[in-house]
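Welcome! Open your viewer, get ready to select residues by number, and take this tour one stop at a time.

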Amino acid sequence: DEELNAKVDEMFQSMGEKPRVEVCRVGQKKPGGVTRPVKVTTASSTVADQLLLKSRKLCLLEKYKKVYVNPDRSPEEREQRRVLVKEVKRLSEEEKEKRHYIRNGKVCSVPRSAT
């Protein structure tokens, strides 16, 4: 789809990159205009790693605030991630005075700042 390719190219250009990629939507089209994830395939893992590192800049741009770039994960990695996300959600409910997040395959917690 030309429009999808143009949108992804524009997003990468805003990150200062212009990689050659293949782009496609994932999942079945559903009524109601639900946005489906986009799968981006790069020529090499080096390019993918570089894009993942730079993707943090997207949250600074208003247009891409709700865009999340995630690495491809094996079924085992997805299951481990699912368990960690459940743990973060549980801790967030129980310990509201702390901010919980996942880093390097572990759940981390820090006190919430008073901002």
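Let's begin with a sorting rule for residues: Ala, Val, Leu, Ile, Met, Phe, Trp, Tyr, Cys and Pro count as nonpolar, Asp, Glu, Lys and Arg as charged, and the others, Gly among them, as polar. What you have on screen is a predicted model, where local features need pLDDT of at least 70 and side-chain atom pairs count only at pLDDT 80 or more, while totals for chains, interfaces and linings use all residues. Residues are numbered from 1 along each chain as its sequence is written, and side-chain values use heavy atoms, with hydrogens and water left out.

**Stop 1: the core**

Select Leu4, Val8, Met11, Phe12, Met15, Val23, Leu51, Leu58 and Tyr64: these 9 residues form the largest nonpolar core. Such a core is a set of buried Ala, Val, Leu, Ile, Met, Phe, Trp, Tyr and Cys residues joined through side-chain atoms within 4.5 Å. Buried means under 20% relative accessible area, exposed over 50%, and partly exposed in between (1.4 Å probe, protein chains only). The biggest contribution to this core, 4 residues, is made by helix α1, residues 2-14. Helices (H or I, at least four residues) and strands (E, at least two) are DSSP runs, numbered from the N terminus.

Now pick Phe12. Which residues does phenylalanine 12 contact, leaving aside neighbours within four places in sequence? They are Glu17, Pro19, Val21, Val40 and Leu51, where contact means heavy atoms within 4.5 Å.

**Stop 2: glutamate 17**

Move on to glutamate 17, in the loop between α1 and β1 (21-25). Is glutamate 17 buried or exposed? It counts as buried, because its relative accessibility is 14%. Show the side chains of glutamate 17 and lysine 54 to find a polar contact of 2.6 Å. That term is used for a pair of N or O atoms within 3.5 Å; within protein, one must be able to donate a hydrogen and the other to accept it, and residues adjacent in sequence count only if both atoms are side-chain atoms.

**Stop 3: two serines**

Select serine 55 in the loop between α2 and α3. Serine 55 is buried, because its relative accessible area is 13%. Beyond residues up to four places away in sequence, serine 55 touches Met15 and Val69.

Next, click serine 44, in the loop between β2 and α2. Serine 44 is partly exposed, because its relative accessible area is 30%. A polar atom of the serine 44 side chain lies 3.3 Å from the backbone nitrogen of valine 47.

**Stop 4: the pockets**

On a 1 Å grid over the protein atoms alone, a pocket is an open set of points where a 1.4 Å probe fits, with protein on both sides within 12 Å along at least five of seven lines; lining residues have an atom within 4 Å of a point. Grid points are joined across faces, edges and corners, and a volume is the space filled by probe spheres set on the points.

The largest pocket has a volume of about 1200 Å³. Select Val38, Lys39, Val40, Tyr68 and Val69, which lie nearest its centre among 30 lining residues. By class, that lining has 16 nonpolar, 4 polar and 10 charged residues.

The second largest pocket holds about 1000 Å³ of space. Val69, Asn70, Pro71, Arg73 and Arg81 are the closest to its centre, out of 23 lining residues. This lining divides into 11 nonpolar, 5 polar and 7 charged residues.
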